[in-house]
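Here are a few friendly notes to read alongside the structure. Take them in order, and keep the view open as you go.

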Amino acid sequence: MALLQIAEPGQSSAPHEHRIAIGIDLGTTHSLVATVLSGKAKVLNDDKGRVLLPSVVHYSNNSTAFGYDANPFLTTDPKNTIVSVKRFMGRSKADIKFQHPYTLVGEDNQMPAFETAQGRKTPVEISAEILKQLKDRAEASLKNPINGAVITVPAYFDEAQRQATRDAAQLAGLNVLRLLNEPTAAAVAYGLDQDTNLSTDRNYVIYDLGGGTFDVSILRFSQGVFEVLATGGHTALGGDDLDRLIVKWAKKQLNIETLNDAEFAHFVVAARQAKEALSDAEQVELKLLDQKLTLDRPSFESIIQVALDKTISVCKRVMRDAKLELDDIQNVVLVGGSTRSYAVQKAVREVFNQEPLCTINPDEVVAIGASITANQLIGNSTDGSLLLDVTPLSLGIETMGGLVERLISRNTAIPVARRQEFTTYQDGQTAMLIHVVQGERDLVEHCRSLGRFVLRGIPPMTAGQARIELTYQVDADGLLSVSARETTSNVSAQIDIKPSYGLSDSDMERLLLEGFQFASEDKALRHLQETKVEAQRELEALEQALKVDATLLAEAELTALNAAKSQLQVTLASDDIDAIEQAVEALKVHSDEFAAKRMNQHIDHALKGTKLDDWSNSN
Ligand code: ADP
Ligand code: MG
């Protein structure tokens, strides 16, 4: 969903022409791109008919090679051949503890750069180059510029990793419609969000065994949105490990103690070919140097059992985390090239006691789902299905002190309505300005202003007595309407705000990013503003009380109270939270005394009154 913007009343959104949107699976070992053509999702191949682009970039002095062209350099020039760059995304140098052949430069707490033959390259830049390859491929094949893209990320990616992915996409010149969780994309590819006749919540397991990583996620589909219930996995467990297990077995069979690097590389390639062939054949032959070995399915199964067992125990743990039983799982979806292996499928079938979904090519399913979502987000979907979405940024209202009170937080599924009560700040206040804002920051000035309107005709009441009910409602199209109603008099006012496709994503990105960057700073600012508002309120109340009861105080007391009062007023002009808090405390000593005197006086009055009443009643 785009940012929200104010609409002229009665103005309808512009009719959409067909726009080109793509879905990209930016994988650790392979990346690919898909799009929806004539209502059908389709992966796009390169000029040689290949769908997968190995996520490999080779930098030499005078040229850059990508994908299959970069692969040969993995053995000949490993330092300049960057593979699995996804593992470095959004990570500081200190975070990177796994083994790799690269020279990383940079401060410990910063994003590192790879030292290459073409100079320093950050993970974001390298990912951008991969994304650019796929963007170019899509443009060449669709003969049109790309209007928007959905990029998938692992469900466990944190904000820094997501932001790095966004940055990479932007650097590649892509308009990011959304980052989508990989398991969610897989579920969308199978249309698991389309089953509208099932009104109850449904749970899905997404088992993703790729080249170098294993991820399992449990998704709950509830009220039109996927929610990630639990995730688990191994950052170093995938097809590559299966290959290595086969190599280990082969060495044993052939009585080989050690292999040099070239031999090892050769064995790995042979093992991988054998493994992939076994997905179709009952047995295969491995040609290793000058020898041959036969590998059949039962032996393969027992060779890789240790790896399979690891994935199964993660599945069981994730099920426990999500507090689900086998019966609660509607479907299991297979994702990742390694799930083509019959042995993997068999293991999954056994542990979940059901036939997993694998009719869509498991290394394409994530890109397919991403393209379906992209097509919906860009506004092409003609199937009339309700586009369920989430609010990208929080929606709130400005409260005293320039603070934001959030009514709908970001990532809330739409349609949604939230109601909250507010009250007046001043005695006799008859109007209230309602300022609608969007963003993640605590101060209004750092958020985006969406619109203002005034609720008039509030009956005059003491501050804090009026009850103003504010309703924020976002419909399925992202149209926000805000209404305010004073509950005793029923006066009301409202404003409609509609989504704008014209607004750049970078605005949203900036607002989001700032929200994360300034979280602690905002907390301090919020505390300062709240303290100020509270102090101001106290000063005003004290002022009113002094007008009536100043005579209750001895002259010295009044002087001390006034001095403390002015001291607080002076500090309030500053942003020194400690000074303000001290001044509040100092004033409190005197104002508490004053309050006690006022209380006594009121009690005296009341008691006298009672006596009078008693007396008059008895007459
Ligand atoms: P990633 O998501 O990590 O980029 P992929 O989903 O592309 O990885 O999976 C790559 C892995 O899938 C490789 O280890 C490859 O050997 C394996 N693979 C591809 N095809 C088959 C097959 N037919 N049978 C078994 N494994 C396969
Ligand atoms: Mg993958």
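1. In which strand is Arg485 found? The answer is strand E28, which covers residues 480-486. Please keep in mind throughout that this is a predicted model.

2. Stay with Arg485 for a moment. Its relative accessible area is 29%, and because buried means under 20% and exposed over 50%, Arg485 counts as partly exposed. Leaving aside residues up to four places away in sequence, Arg485 touches Leu455, Arg467, Ile468, Glu469, Asn490, Val491 and Ser492. With one of these, Asn490, there is a polar contact between side chains, at 2.5 Å. Leu470 is 15 residues from Arg485 along the chain, yet their C-alpha atoms are separated by 6.5 Å.

3. Now step back to the whole chain. You will find 14 helices and 29 strands. Of the 619 residues, 48% are buried. The accessible surface comes to about 30,400 Å², and carbon and sulfur atoms account for 49% of that. If you look at contacts between residues at least 6 apart in sequence, 64% of them join residues at least 24 apart.

4. Next, have a look at an open sheet of 4 strands, ordered E16-E15-E14-E19 with mixed pairing. Strands E16 (225-234) and E19 (329-335) stand at its edges; each has a single partner strand, so one side of each is left without a neighbour in the sheet. On average, neighbouring strands here are turned by 20° against each other, direction ignored.

5. Within that sheet, how do strands E14 and E15 run? They are antiparallel, with 8 bridges joining E14 (residues 202-209) to E15 (residues 214-222).

6. For a helix pair, turn to H5 (residues 182-189) and H10, whose axes come within 7 Å and cross at roughly 80°. The two helices are therefore roughly perpendicular to each other. On the H5 side, the contact is made by Glu182, Ala185, Ala186, Val188 and Ala189. H10 contributes Val365, Val366, Ile368, Gly369, Ala370, Ile372 and Thr373.

7. Is Asn380 buried or exposed? Asn380 is buried, with a relative accessible area of 10%. A polar atom of the Asn380 side chain lies 2.4 Å from the backbone oxygen of Arg19.

Note on methods. Residues are numbered from 1 along each chain as its sequence is written. Chains are lettered from A and ligands numbered from 1 in the order in which they are written. This is a predicted model: local features need pLDDT of at least 70, side-chain atom pairs count only at pLDDT 80 or more; totals for chains, interfaces and linings use all residues. Side-chain values use heavy atoms; hydrogens and water are left out. Buried means under 20% relative accessible area, exposed over 50%, partly exposed in between (1.4 Å probe, protein chains only). A polar contact is a pair of N or O atoms within 3.5 Å; within protein, one must be able to donate a hydrogen and the other to accept it, and residues adjacent in sequence count only if both atoms are side-chain atoms. Contact means heavy atoms within 4.5 Å. Accessible areas come from the Shrake-Rupley method with a 1.4 Å probe; for residues, only the protein chains shown count as cover. Two strands pair if DSSP finds at least two bridges between them. Axes are lines fitted to C-alpha atoms, for helices over the stretch in contact, and angles run from 0 to 180 degrees between N-to-C directions. Angles under 35 degrees count as roughly parallel, over 145 as roughly antiparallel, 65 to 115 as roughly perpendicular and the rest as oblique.
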